Amino acid sequence: MIILNFVFRALKSLKERKGKTFIIFAIMFTACIVILASFSIQSATEAAAVLARQKLGAKVSLVVDHEKLMESQMKEQQDSQSGQRLRLEKPSIPLEYLDKLKDSEYIKNYLVSSTTSANVDGVTPVGNEDEDSNLTNDNMKMPMEMNSGDFTIKGVNNFNNEDKVNSSQMTVVDGKAITDKDLNTNVVMVDETLAKENSLKVGDEINITSTSNNSDEDNTTTTAKILGIYKDSSSIDEDAYRFTAMLPYNQIYAPYTLANKLKGATSTADSIEFNLQDPIDVDKFIKEGQKTSIDFDKYKLDGGDQAYKTMMGPIENVATFSKTMVTVVGIFAGVILSLVIMLSIKDRVNEIGIIMALGEKRVKIIAQFLSEIIIVLSVAICISSAFGNTISNVVGDILIQNEISTQQETTMGTPSFSQGQGSHQGRGGPSMSKGMGGFGSDREANVEVMDELNIKTKVSDIGKMSLWSLLIAIVATIIPASFIMRFNPKTILSKHN
């Protein structure tokens, strides 16, 4: 009954002071709707981050860090003061680094790749008959060494771990696929079209001659057995038609140990790709890898970070803004509400003095003021919860479109250069990123900016908004009320008079 007494007084006070009640409601409703929108945007951002990782795939590549490599070699050139032009040399990746990472709990499988060019005795590459004349007259052609081969030898540890195989763009039509069991053996897989053009079948032997040395006398010839025949149904890059070796029909798969043997390398790879169990584990795996003894001054674990930043850039900026907005709105709402309550209390000094003189405790009087605010706050929370999802989506869309427009204006007129991670072909082979089995990131090349948020207000968002609003209301009520409550009834009434 005692509790109902000050609650009843709170309801009566709100009814009698409709103007100030409406002002308090407007402040609390605005604070609630903005805070709810902020929390909803943050929740949607977390979901978008997971979606972005899923789109990019659960893949992390151990590759050369070109940026650090260039900085290092430029510094060496400046220190030497030789005056010679900068010559970038790409180091291969030591296979010992694979042992430091392959046992991670996050890894599903991995792909070791090593690529070089070669010629095959008695085998004619697939290509146009007038290809040579077209290349001669083509002013747009890329420079190639005279001793680059007609075939690309792509060495792998397991053919089934290739992206094209996992996406069903490449399938084995005859024989078997190369697996880890075939390492250190001389076996190959050839394209179905190449096999038909040259009447090749599983079990046939071919002589592969490396082209990684400038002198033909230094090039080695290896006899390899055809283990399987595959079909590649993926689209062909337009640039691939310029060079025989870049056509997918002329790509021969082999164990990476054989590819290394042909190009005179040992215990190295051009790239090591790790396929993880779950895209969400990408950052965890990278952090785990950074604790190993891998030389991260030369190499890096690339989880499509640049592509992820491109996709999530506008959304992350909006999320950062929403976090700031929660704090700013909380402070401003608290200050404004405190001022309104303080003015309200000053107008009610006589009422407070009389109630205290009648023996009402200070705590209960403060509880009455707090009850008034909480009643108004409850209405504000209910209404903001009802319209929160709609308003959150409108606010989110406006903020994202503004971010995208700002980003486009910033990047307009700035040329973008693709920093492909083409594989090193030795002295004789061409350095072509995709056609020669290099590792230019398709994720970065084809990435699209995420320009919308699927905002769905959750119960947890409403709960956080309610707690945050309640905290603002409590602080905004207790601070001004404490200034009056410290006096006794006689002092309060005399000051009023």
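Hi everyone. Let me begin with a definition: rings of Phe, Tyr and Trp (its six-membered ring) count as a pair if their centres lie within 6.5 Å, and the pair is stacked if the planes are under 30 degrees apart, edge-to-face if over 60, and tilted for the rest. By that rule, searching the whole structure gives seven aromatic pairs.

A word on where this comes from. This is a predicted model, in which local features need pLDDT of at least 70 and side-chain atom pairs count only at pLDDT 80 or more, while totals for chains, interfaces and linings use all residues. Residues are numbered from 1 along each chain as its sequence is written, and side-chain values use heavy atoms, with hydrogens and water left out.

Back to the rings. Tyr-110 and Phe-274 have ring centres 6.4 Å apart and planes at 50°, so this pair is tilted. Tyr-110 sits in strand S3 (residues 107–120) and Phe-274 in strand S11 (residues 271–276), 164 residues apart; strands here are DSSP runs of E, at least two residues, and helices are runs of H or I, at least four, numbered from the N terminus. Together with Phe-285, Tyr-110 and Phe-274 form one aromatic cluster.

Now another pair, Phe-159 and Tyr-253: with centres 5.0 Å apart and planes at 90°, the pair is edge-to-face. Phe-159 lies in the loop between strand S4 (151–156) and helix H6 (163–166), and Tyr-253 in strand S9 (residues 251–255). Are these two buried or exposed? Buried means under 20% relative accessible area, exposed over 50%, and partly exposed in between, with a 1.4 Å probe and protein chains only. Phe-159 is buried at 0%, and Tyr-253 is buried at 2%.

Next, the nonpolar core, meaning a set of buried Ala, Val, Leu, Ile, Met, Phe, Trp, Tyr and Cys residues joined through side-chain atoms within 4.5 Å. The largest has 33 residues, and Ile-24, Met-28, Leu-337 and Met-465 touch the most other members. Helices supplying at least two residues each include H2 (18–56), H10 (305–347) and H12 (362–411). Beyond its neighbours within four places in sequence, Met-28 is in contact (heavy atoms within 4.5 Å) with residues including Leu-377, Ala-380 and Ser-469. A second, separate core of 27 residues includes Tyr-97 and Phe-296.
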